[in-house]
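Here is a short report on one protein model. Look at the strands first, then at the charges and the surface.

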Amino acid sequence: MNWFKRRQVAVPQSYQPVLEAQEVVDLFGRLTLHHQAALLRLMSRNFVIQIEDEPHMGYEFNFDVEGALIVAQKEDD
């Protein structure tokens, strides 16, 4: 056991190299619909959907997998 050995410090994700476009496309192609729906849930916090000139925030929608599609439904308040 080496008492003076430095512990490896993890590099924060924001400092790690950004994925290239092709890497993102390849990764997305390997995701299942359930993974893609989960990714949409995360991304929905950052977008607004205009429906008949009325803005709706993305987090107001539920993203679920139905058959071979991802369906976004407005949450009932």
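## The hairpin

Two strands pair if DSSP finds at least two bridges between them. Strands (E, at least two residues) and helices (H or I, at least four) are DSSP runs, numbered from the N terminus. The model is predicted: local features need pLDDT of at least 70, side-chain atom pairs count only at pLDDT 80 or more, and totals for chains, interfaces and linings use all residues. Residues are numbered from 1 along each chain as its sequence is written, and side-chain values use heavy atoms, with hydrogens and water left out.

Strands β3 (residues 61-66) and β4 (residues 69-74) run antiparallel, joined by six bridges. V65 stands opposite I70 in β4. The two strands form a hairpin with two residues between them. G67 sits in the turn and has a positive phi of about 65°.

## K74 and its partners

A salt bridge is a side-chain nitrogen of Lys or Arg within 4 Å of a carboxyl oxygen of Asp or Glu. The whole structure has one. K74 and E60 form a salt bridge through their side chains, at 2.7 Å from N to O. K74 is in strand β4 and E60 is in the loop between β2 (54-57) and β3, so the pair ties together parts 14 residues apart in sequence.

K74 also lies over the face of F61, 5.8 Å from the ring centre. For this, NZ of Lys or CZ of Arg must be within 6 Å of the ring centre and within 35 degrees of the ring normal.

## Helix α2

M43 lies in helix α2. Its relative accessibility is 43%, so M43 counts as partly exposed; buried means under 20% relative accessible area, exposed over 50%, and partly exposed in between (1.4 Å probe, protein chains only).
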